[in-house]
Structure formats: structure tokens, C-alpha cells
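Please read this note with the two chains open beside you, and take the points in the order given.

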Amino acid sequence: MELILQQMPVVLKALNVGFLQTLKLFFVTGLGAIPLGLVIAFGSMSRFKPLSWLTRLIVWIVRGTPLMIQLLIIFYFPGMVLGKNIWGSGEAGRFLASAIAFIFNYACYFSEIYRGGIQSVPVGQQEAGLVLGMTKAQIFFKVTLLQVIKRIVPPMSNEIITLVKDTALARIIALQEIIWAGQAFLKGSHGIAGAIWPLFFTAVYYLVFNGIVTVLLGRLEKRLDYFR
Amino acid sequence: MAILDVKDIRKSFGSTEVLKGISFSLEKGQVVSVIGSSGSGKTTLLRCLNFLEVPDGGSIAVNGETIFDAADPATQRESEIRRKRLHFGLVFQSFNLFPQYTALQNVTLAGQLLAKEDPNFKSKKKELYAQIDDRARQLLVQMGLSDRMDNYPHQLSGGQQQRVAIARALALQPDILCFDEPTSALDPELTQEVLRVIRGLAERQTTMIIVTHEMAFARDVSTQVIFMDGGVVVEQGDPRQVIDAPAQERTRRFLEGYKQS
């Protein structure tokens, strides 16, 4: 116990650095996947059949295979085919590859949630807008969108909480996120070796952060509670 | 001159012909009730008038202007449909109020969006919005909803929701107001409160087309009744004649069903 207290400052400092990378991947994925998911959702709902089939095929593949494999393929495949690393070297390169894999993977999951949300708004809403002389864009932004958001907040909250934890998968291509930082103390880092508690302690970071995310999303859900 | 002239409207869905040539006309201030069993094409007819469906044949003229002619593609331009729709208002069976807006906002929304197309919108915004707001409030008062303006749809009864929907349709001052079974989703008590409002509109010479299953109401309020069956007009004319003394056997059988229930 005394030893742990002694090691604590060094470990926390290293874990903080790792967690910063975790947060960066989380926010970049969110910012990229939330809008990209909408594009994919419109693609899969397109009345132009080849586009909708192609989009659904891609979504099926991405959702049907492990994100870990996708990370490995996105990181290594260009190098194997082109003979050079297109991602750039070092941690920045690994982050770029991770971000691309995560954004694409999560956009596909989000797109299905959006599609369900959009299709669950009764067609009568659209028709009511049309007979009142609104344009399709006005109907989407003024009538449909908020109803869609209200419907997708609960399933999106689930995905977003999963995303917080999924960022740990980027460790497979050696992205130095918090699990990587915790595990380093097992092998030896900052003069500490053979310590497993830092790895366990990373869970506290996830737990606290997910607590904050849950509260914020819960508030959003409440704010949309004023209508049904 | 007739305010509305519908000629030989035809519409098929796949291989099912739902409207097999419907014609009728309507004078300003008149009320036409359309009766008939489910699947007779009444709703499809209203949807065609409101451009929610594109007829396969026939023409529609409002105030002498042909706004739709199946034979003339120039009348079917997407860009003009939006403007032409405004000749008609439509009140739905399921109300279709916008849930995230209050009763008042439901009535003002479309008007505010249209006002943005006014060339002087920027300089007159306050004035235009004040007009829209005034008119919406007046309509809601007229609908007996003066104390409900700031309620959201889910806080209103079905009858109140439908009255908001009527105010919303009236806000844009359509030439012809259409009702698609406006009371079919309501219990008898709420039905009466909505019918009372529609009766009031008829007394104010509002031009209306009402698809309804309320026979007594149709007889009282209409200037003309149309009985449709299988996509054709079987009988049309004075409400007392069509409903009380139908000339056609098919009409008689349909009305028998009502008397029994």
C-alpha cells in the first residue's frame, strides 16, 4: 500500500498523458462520425437503388466485422500494397489511422440509428408540411429534425458510452492511450516495473468520464422531454 | 365562375385504379361533402387536389386557372406545385400537428416561413410577423382555444388538436379547405366539438370539401353531397336528395348500413 502511494504521482502523470490521447480519439471520432453517419444514412435511404445497396453492403461489412480487425487493416494494408506508410510516422500516424478507422466504424453504426430515427417520424408530418407550402428542406430542418434527435438520443447515448471504452482497441496498433500507458508499468516504465495496479486503475478514468457523459446526455434527453 | 373545377381525375396505384374519372365543380362559399365506404377513393381524391398524389389523368382548375392538367407537363413543374398547393388547405384525420411546437407556433410556422420569401422581408419582418401572430391568435380564439395557445399538442385532447389543425390550415387563407375524415379519430363527444367548428366555418361562407362518415352532419352542412364507390361518383346532388332519397341502389345500400348502426 505504501509502495502504491509512493508510485502514485508518477503513475497518474503517465495515465493522464494516456487518457488525453483516449479523449482526443473519442472527440475526433464523435465529431467525424456524427455528421458522416448522416451522409451514410441518406445514402442507405436513397431512392437510387445502386447507391442504397452499395451503402448497405458497406454498413453490413463494417458492422459485421470486429473494429480491431478494421484497425489492423486500415493501419497495415496501405503499407503492404503501396510499399509505404501513408499514415505518417510515430504516434501521430497511429492516431490518424485510428481516427479514420473509428470514424468510419462509428459512422456506420450511427447511420443505422439515424435511419431508424428518420423513418420513425410519421409520414403525416412531412405531408402536413407540404400542404402548408413548406419546402422539403424547411420540413427537414423545422419539423422532422428535432423529432429525429429526440428519438435517437437514447440509442446514441449507448453507442457513445461504448465508444469511450472502445477507444482502448487502438492499443492494438500501439496507440499510446490510457490502457497502453497503464500496461507499460507491468513491463517497466518511469522506473516502475511489475506493477499491475496502474492497469486496473485505468478503469477509474473510464468510469468517471462515462459518468460525466451519461449525465450530459441525460440532460439533453430531459431537455427534449417537453414534447412527445 | 366556379371556384373549383375538377375534370375526369384518374389515379392508379400499380394495377389498381383508385379514381376512375372524377368530375365535380364547386362555387365559392359552397360546402361539398364526399361520402362513401372505405376504399372508394375519397381520400385519394383529396390528396390529388392537394398535390400529395399526382393524378394520371384529368385536370383541376381554381378560379378559372388550370393548375393541373395531366396532358400538359407545363402545369406539373415541381417549382410551381408549392405555390399551387396554397389554393388548398388540408385537415388530416390524424391531425398531424407538429409536436415540438405550441398550438400558436403550429399555426404561425408556415406563415413565417412563407414571409421570408417576401422581397421586403428584412425591412418588414416585425410587421409581417406581428400580422401572422395576430391572425393566428384570432383563429385560435375562433376555434375556442384562447386558453390553449401555449400548450403543446400532447397536452391537448384530440378535439382540441384537430381544432388547432383547422386553425393552422386557415392561417394561410386557402381558397378551398379540405377535410379528410376530420372526426374519425375522435370519440362522439369530441366529434361534436369539431363538427360545431366546421359548421361555424360553413356559416361564414368558407368553401370546403369534407370527406366524412357523419351523415347527419353532411346533410345539414353541405350544399352538395357526392357519393363515391369504387373510384367513381355514383350519385351527387342536393344533400337531402342524396342522403334521404337516393336515386341509386348502391347509394341506398350504403346508407342502409348507417341507419342500422
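Predicted model: local features only at pLDDT ≥ 70, side-chain atom pairs only at ≥ 80, totals over all residues.

1. Residues are numbered from 1 along each chain as its sequence is written, and chains are lettered from A and ligands numbered from 1 in the order in which they are written.

2. Where the chains meet, 18 residues of chain A are in contact with 19 residues of chain B (two residues are in contact if their C-beta atoms, placed from the backbone, lie within 7 Å). On the side of chain A that touches chain B, α5 (123-131) and α6 (136-166) each supply at least two residues, and the largest share, six residues, comes from α5(A). Helices here are DSSP runs of H or I with at least four residues, strands are runs of E with at least two, and both are numbered from the N terminus.

3. Helix α7 of chain A, residues 178-187, is mostly covered, with seven of its ten residues buried. A residue is buried if 20 or more other C-beta atoms lie within 10 Å of its own, exposed if 12 or fewer, and partly exposed in between, with C-beta atoms placed from the backbone. Among the buried residues of α7(A) are A:Ile178, A:Trp180 and A:Phe185, and what covers the buried residues includes α1 (2-44) and α8 (197-223) of chain A. Just after α7(A), A:Gly188 takes a positive phi of about 125°.

4. In chain B, four strands form an open sheet in the order β2-β1-β4-β5, with antiparallel pairing (two strands pair if DSSP finds at least two bridges between them). Because β2 (16-26) and β5 (65-69) of chain B stand at the edges with a single partner strand each, one side of each is left without a neighbour in the sheet. Strands β1 (residues 4-13) and β4 (residues 57-62) of chain B run antiparallel and are joined by five bridges; B:Arg10 has B:Gly57 in β4(B) as its bridge partner.

5. The loop between β6 (88-91) and α3 (103-115) of chain B holds B:Phe95, and B:Asn96 has its place in the loop between β6 and α3 of chain B. B:Phe95 has a positive phi of about 65° although it is not a glycine, and B:Asn96, again not a glycine, has a positive phi of about 55°. Are these residues buried or exposed? B:Phe95 counts as buried because it has 24 C-beta neighbours inside 10 Å, and B:Asn96 counts as buried with 24 C-beta neighbours inside 10 Å.
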